[in-house]
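Dear colleague,

Please find below the structure that I am handing over to you. My notes on what was found in it follow directly after.

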Amino acid sequence: FLHERRASEATGENWLFFGEQHEASDFLLRDELKQMQEEGILSRLSTAFSRDQHERIYVQNRLLEEAKSVWEWLTRGAHFYVCGDAASMAVDVDRALHQVVSLAGGLSSEAATSYVKDMAKSGRYQKDVY
């Protein structure tokens, strides 16, 4: 995605939430992502390394911490892509997205579900999970 943005000279903001177990051994793209930030290809980077502290922190935790900002991006038409493990990560991130929409957007659970479904129907919410 980021390489395509670089090649096409795409404009507009983007925000990557990156999660792994350990920063020291699993953040294989660190230098490349930092370079893309410096070049302005990547606007924001939020990381979650679940095993680097006593309490486990996952991407869904970071999404909820940034709920207000994520909601603002969504209301401006942001697209939301989930890539990675389908069995648990994608389910947990989906649940967090619904919570962001409900809590930060001030919507009922049913309205949040409808909002997320509409995002998917319009191609603004996509998953590449395995």
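**Findings**

Leaving aside residues up to four places away in sequence, aspartate 26 touches Phe18, Glu20 and Gln21. Please note that the model is a predicted one. Aspartate 26 belongs to helix 2, which covers residues 23-26.

**Salt bridges**

The structure contains 7 salt bridges. Three of these deserve a description here.

One of them joins glutamate 13 to arginine 76, with 2.9 Å between the closest N and O atoms. This pair links distant parts of the chain, 63 residues apart: glutamate 13 sits in the loop between helix 1 (2-8) and strand 1 (15-20), and arginine 76 in the loop between helix 5 (67-75) and strand 3 (80-84). Both glutamate 13 and arginine 76 are exposed.

Another salt bridge is formed by the side chains of glutamate 66 and arginine 44, at 3.4 Å from N to O. Glutamate 66 is in the loop between helix 4 (59-65) and helix 5, while arginine 44 is in strand 2 (residues 44-49); the pair therefore ties together parts that are 22 residues apart in sequence. Are these two residues buried, partly exposed or exposed? Glutamate 66 has a relative accessibility of 25% and so counts as partly exposed, and arginine 44, at 29%, also counts as partly exposed.

Aspartate 94 has a relative accessible area of 18% and is buried, because buried means under 20%. Lysine 127, in contrast, is partly exposed at 48% relative accessibility.

**Helix 5 and helix 6**

How do helix 5 and helix 6 lie relative to each other? Their axes come within 9 Å and cross at roughly 90°. Helix 5 and helix 6 are therefore roughly perpendicular to each other, since angles of 65 to 115 degrees are counted in that way.

On the helix 5 side, the contact consists of Ala67, Lys68, Val70, Trp71 and Leu74, which meet Leu97, Val100, Val101, Ala104 and Gly105 of helix 6. Sorted by class, the residues in this contact are 8 nonpolar, 1 polar and 1 charged.

**Aromatic pairs**

The structure also holds 8 aromatic pairs. Among them is the pair of phenylalanine 80 and tyrosine 125, which is edge-to-face, with 5.6 Å from centre to centre and 70° between the planes. Phenylalanine 80 is part of strand 3 and tyrosine 125 part of strand 4, so this pair ties together parts of the chain that are 45 residues apart in sequence. Phenylalanine 80 and tyrosine 125 are both buried. Elsewhere, ring pairs link Trp15, Phe17 and Trp73 into a cluster.

With kind regards

Key
Residues numbered from 1 in each chain as written. Predicted model: local features only at pLDDT ≥ 70, side-chain atom pairs only at ≥ 80, totals over all residues. Heavy atoms only, no water. Salt bridge = Lys/Arg side-chain N within 4 Å of Asp/Glu carboxyl O. Helix = DSSP H or I, 4+ residues; strand = E, 2+ residues; numbered from the N terminus. Buried < 20%, exposed > 50% of the residue type's maximum accessible area, 1.4 Å probe, protein only. Axes fitted to C-alpha atoms, helices over the stretch in contact; angles between N-to-C directions. Parallel < 35°, antiparallel > 145°, perpendicular 65-115°, else oblique. Contact = heavy atoms within 4.5 Å. Nonpolar A, V, L, I, M, F, W, Y, C, P; charged D, E, K, R; others polar. Phe/Tyr/Trp six-rings, centres within 6.5 Å; stacked < 30°, edge-to-face > 60°.
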